[in-house]
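Try each task before you read its solution.

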Amino acid sequence: MKKLKSICSIAALVTILLMAVSCEKKLDGLKLATYPTTADVFIDGFSTGLYYAAYGTSKVTAFNVDYSVKYSGTCSMKFEVPDAGDPNGSYAGGVFGANPARDLSGYNVLTFWAKASQPATIVLVGFGNDMGTSKYQVSLANLQVNSNWVEYYIPIPDPSLLTQENGMFYYAAAPQNGRGYTFWIDELKFEKLGTIAHANFGIFNGHDSIVDNVETGEEFQISDFYATFNLPTGVDQKSNLSASYFTFTSSNPSVATVNDLGLVRVADTGSAVITAKVAGTGAKGSLTISVTGLKIAPTQPAPVPTIAGNKVISLFSNAYTNVKVDSWNTHWQFSTAENQNIQINGDDVIRYKKLNFVGIEFSSQPVDASAMATFHIDLWTPDTTANKTFKVKLIDFGPDGVYGGGDDSNSEISIGSPPLSTQNWISLNIPLSSFSGLSSKSHLAQLVLSGDLPDVYIDNVYFFNDGSTSPEPTTAAPVPTFNAANVLSVFSDSYTNVAGTNLNPNWGQTTVFSQVPIAGNNTLKYKGLNYQGIQLGSSQNVSAMSFLHLDYWSASSFSLNVFLISTGPVEKSYVLPVPTSGWAGVDIPLSSFSPVNLADVIQFKFVGNGDVYIDNIFFHK
Amino acid sequence: MEKNSKIFVSAAICSLLFITLFGCKKESGQKIEQRNWQLVWSDEFNGSAGMSPDSTKWKFDIGNGGWGNEELETYTKDTSNASTDGNGNLAITAKANWVTDHWENITSARIKTIGLFEQSYGRFEARIKTPWGPGMWPAFWLLGSNVNSVAWPQCGEIDIMELRGQKPNIINGTVHGPGYSGGAGITKSFAFENTRFDVDFHLFAVEWGKDYIDFFVDNTLYEEITPGNVTGNWVFDHPFYIILNVAVGGNYVGYPTSQTTFPQKMLVDYVKVYKQAD
């Protein structure tokens, strides 16, 4: 076989000589910028112009020429992969380059024989890495080798591009289960083989990606470029390619353009499909984008904070020196949130898109907010806010200062509409006492924003204590004017109340309950409300009544619901808008509480947050 | 055997190179007498896309059970397994579904001329582009028409082309008979050094006379089998019929793997049969 081959080589040489003699004309004096077409990389030693450069972080002595183990000829390339933790480098890797560059356009595959001291998986082998731009890279990931010599093939996706290639071969190999091994490569050369067939190419690993609700100005990077070729062994082999082998096309360049490296830039409203080809062959996979237009963003910055800096611990604000925040988007599992840092008139604002929830982490330097009274955040959303909520959760890592350990606590405040508002900055000042589930505030480490507003802009996220005590009403609730004959009262100084009523039944709530005189008027105070019940002294038939009246006051609540309850229990809630501006009085039609049995009303329940004052709870006609 | 054949091919290519070099135009393969062939039967497969093969020329083998070789496929007469492609070819398509870690629902087709066209002696040829991949076993072959009375291998079998999908550049030509059947068949391989049978059409033929069977790829003779070559009785003296099929898996080819690609097609441009003119 070998002998026949050399006979063939001689024959080929003769042919070349004959051709040279019969050459028609020489372009004397004209020197074309051509590069050597040398095919051999390493047969029995370094081919002309070949050099080796180990990766700086690898064990740089891993590669040697081996004169005892070889597939054929006199020597082979030996790679000694170190053990994990080798002080001289814990992996083997490097680049075999050619100087001058070579013209490989006449070949279609890099071939070599390889074996290893044990069955092993070489992390990566390929060509086209020139330790510079590496424009035309091809690599095989996880190459399986064993103790037998096996021939391997790395097909060239489009040889016509490789007229000036420096990167002849490169590799990276890691220990197997922590232990090193040795592999050998021999007869490394470029060839033109008719037995490589059935090229297929793809982007995005062959998937058709669809992205909706894209905004003008967004960018997308096409990725996961591959080729499959059927090898002389009949099997399909997948290789990873660099973008430069592909030509990209946008179906609608006025909507989206795509550059040579597969970077898609969104220019206008509409839809566009990005596809790719290699050497005229269509690639599997595409990117379809539907562009909704420019994003709706605040035109004015959030209100500038006015509290003195020495009374503030700020996470994010141009007005203060901020503490270290490790991440404004931890991308926790199931979080779809994308964050962007934008500027509005020079003011830094964080935008969260596709927000379901986002984790914000400052655990490397937990915040001691034990001396703080209030959490502040400014919020702007383009989304409709009716019946929507925005939630703020604080997480404290406890005395051990780290996640877990049994001493963590967290508490979440849900904010409704109002105060949520569409396309307006709102400033939320949430008393830390409202975070009733926090057993400590001295090791705050995480903040989680969630809710059902998918698009929010936030600014001025800080804790503060400006010395003001938590506000309370300075005037009594208005004195009701209904005729007592038409009233059935639960809690009011103006009427006779249902006898035997328990205003603070123990239903497991954390609310701090008290009755306080406000300007001489007895008032219910729910401090740090989570929920609070009222157990009537006896079942009441209110079916002759038309309304439930309440007066309530809260500067710090962002969520408040009242429930009417009949035996069963059958209960129904009603939303009370918070926070209030002074005392708010409501007369709720009893029909709103359907299906509660109005002939058998036994309890009330309040659910929400913040500090809430309530007075004049009664039914009337 | 295989190694010998490689050397044979290499030698052939080397000699071709020399011939080219010295400007010799004449084919210097084994010399055979000029034969005068007259076309007696053909199918050009010129039907429109999705048409079942011409029922006046072809019957179907239907079913599974391995066909004596532990093959995996179920043969059907569905046009998704056998139909003209509208481009002048018959497509025999092997299909399968990958389930967790193996191929299931493997179907293919096997068509035959038994009872419709049978002939002893002559030239049988087909222009074919093969499927590829581990476990793929396309074939163009002849079987003695008396198979149902004398049984195999007494009836005789002439395999004009068989290919293992994991060696897409090699085909085999083989005869089976009493005393030289199965793995003991009289066979020779033909290999391309630098192309494959699945990237373009190639012409596979036998020329069969009373005391010879000559095997050709693209009109290159690569094997001649005579009564002196076979290790048993020469049974190639009665009518045979034609079979085209794509088998999947089995003890000749091995089994499809995760690296096999389905569906796979064997495209047949035409089948032609000639008789030697007097």
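**Exercise 1.** Find out why Ser145(B) counts as buried or exposed.

*Solution.* Ser145(B) has 20 C-beta neighbours inside 10 Å, so the residue counts as buried. The cut-offs are 20 or more other C-beta atoms within 10 Å for buried, 12 or fewer for exposed, and partly exposed in between, with C-beta atoms placed from the backbone. Before going on, note that this is a predicted model, where local features need pLDDT of at least 70 and side-chain atom pairs count only at pLDDT 80 or more, while totals for chains, interfaces and linings use all residues. Residues are numbered from 1 along each chain as its sequence is written, and chains are lettered from A and ligands numbered from 1 in the order in which they are written.

**Exercise 2.** Locate Ser145(B) and list its contacts beyond four places in sequence.

*Solution.* Start with the loop between β9 (136–144) and α2 (147–150) of chain B, where Ser145(B) lies. Helices (H or I, at least four residues) and strands (E, at least two) are DSSP runs, numbered from the N terminus. Next, collect the contacts (C-beta atoms, placed from the backbone, within 7 Å): Ile114(B), Glu118(B), His238(B), Pro239(B), Phe240(B) and Tyr241(B). Finally, take Ile114(B): it is 31 residues from Ser145(B) in sequence, with 6.8 Å from C-alpha to C-alpha.

Methods
Two residues are in contact if their C-beta atoms, placed from the backbone, lie within 7 Å.
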